[in-house]
Amino acid sequence: MKAVVHQQQDGENSLDGRPERQGQRIGQYEPRHEAPRPKPAPVPEPRERRDQPEAGSRVTVEVKPRANPFAAGDPAAMVPPVLGGTPDAAKRPWYLQPEPAQSGVAADQIRIGDLDVRAASVVGPDHRCEEPAEARQDAYRIGRDARGRYLIVAVADGMSAAKRSDVGATVAVRAAVDLVRKELDHGARPEQLDLRGVFKAVAGNVAGAAKQLGCAVDQVLTALIVAIVPTTGDQPDGRRPVWFATVGDVSAACLRDGGWRRLTGADKAGLDRNTLDAFLPHHPDRVVLNQDEVTGAIAVMTDGVSDVWGDVPGAAEWFSRRWRTPPPLASFLLDVSYEAPGQVDDRTAVVVWCGGGERR
């Protein structure tokens, strides 16, 4: 931003609207014919400026931008974090899918009750860095019941081998939130919900989407996790019961006392750790149900986030520091957009902070 200081010179037109008297220079008037004007208040000088200008000269005052809280004032530093070394994919461009599909990035920021929520989903290098690109196969959806008593979170991870798993994931999260919300609005409490029946109905929706696309059911396979969180806690520290239902390699963890504790989802190990034996729409009967008492932050995520915690030394601790309190949405999106060697999958996280707390 530039400010210009200019001193009026003889011969310039008057700016005060008074008629010029004969023989009087333009821009002058006789003060004895009107009441004296109050002196204008002094204008404070800018804190950062160049040398004082001479009368009648022009000067440009440079106003420096405020320091960026995430990048120490350097816009070029606003890039995804690099964990464990810079992968080749970090330097490669993002390509476009040949057919319209869901966007490569999605993000949300929500406040409800005493909960703060940040959500982000980012297409991974394996799907965006080849020509032609593939759609983001992760999806999430966030909802609430009509009375605002419960937050509903659904996160899905489409299987890479299924060509239209992006559709399967999107349909799964939408159907799951809608079905849970309908039961809650009819007066059911979370412990009374038939979540096995919900997952069976979700499987029917996913299979129906395949039929509408004219493709085989095996082309829309997806994992799914649903979490139901009361919007107010019943303990001074924000502690509350949380309900989970899971099929596949999606998971949830709680951040407490500086570390992550797994709430649902199995730890991956071995050479076949990415091989799934349960997914929708084929295995709704294999849904795993959990209930836990939770305070602090709850992360509901796909393996694009959880895998880096186990694969890259120090990554879990880095995320625990970053997500100790609810960050600004742009900061959260950059965290989920991390770059790390060997981590090429889509990545999605919905983090819920219980009891509010300190904000940045």
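**View 1. Arg92 and its salt bridge to Glu130.** Arg92 is partly exposed, with a relative accessible area of 36%; buried means under 20%, exposed over 50% and partly exposed in between (1.4 Å probe, protein chains only). The Arg92 side chain meets that of Glu130 in a salt bridge (3.2 Å, N to O), a term for a side-chain nitrogen of Lys or Arg within 4 Å of a carboxyl oxygen of Asp or Glu. Arg92 lies in the loop between strand 2 (60–62) and strand 3, and Glu130 in the loop between helix 1 (125–128) and strand 5, 38 residues apart. Glu130 is also partly exposed, at 44% relative accessibility. This is a predicted model, in which local features need pLDDT of at least 70 and side-chain atom pairs count only at pLDDT 80 or more, while totals for chains, interfaces and linings use all residues. Residues are numbered from 1 along each chain as its sequence is written, and side-chain values use heavy atoms, with hydrogens and water left out.

**View 2. The salt bridge of Arg164 and Asp166.** These two side chains meet at 3.5 Å, N to O. Arg164 is partly exposed at 28%, whereas Asp166 is buried at 7%.

**View 3. The salt bridge of Asp292 and Arg261.** The N to O distance is 3.2 Å. Asp292 belongs to strand 11 and Arg261 to strand 10 (residues 259–264), 31 residues apart.

View 4. Five strands run in the order 5-6-7-8-11 with antiparallel pairing; two strands pair if DSSP finds at least two bridges between them. Helices (H or I, at least four residues) and strands (E, at least two) are DSSP runs, numbered from the N terminus. Strand 5 (138–144) and strand 11 (288–294) are the edges, each pairing on one side only. Helix 2 (residues 165–185) packs on the sheet and touches strand 5, strand 6 (150–158) and strand 7, where contact means heavy atoms within 4.5 Å. Its direction makes about 160 degrees with that of strand 6; axes are lines fitted to C-alpha atoms, for helices over the stretch in contact, and angles run from 0 to 180 degrees between N-to-C directions. Just after helix 2, Gly187 takes a positive phi of about 100 degrees.

**View 5. The hairpin of strands 3 and 4.** Strand 3 (residues 105–112) pairs with strand 4 (residues 115–122) in the antiparallel sense over eight bridges. Arg111 stands opposite Asp116 in strand 4. Two residues separate the strands, and Gly113 has a positive phi near 60 degrees.
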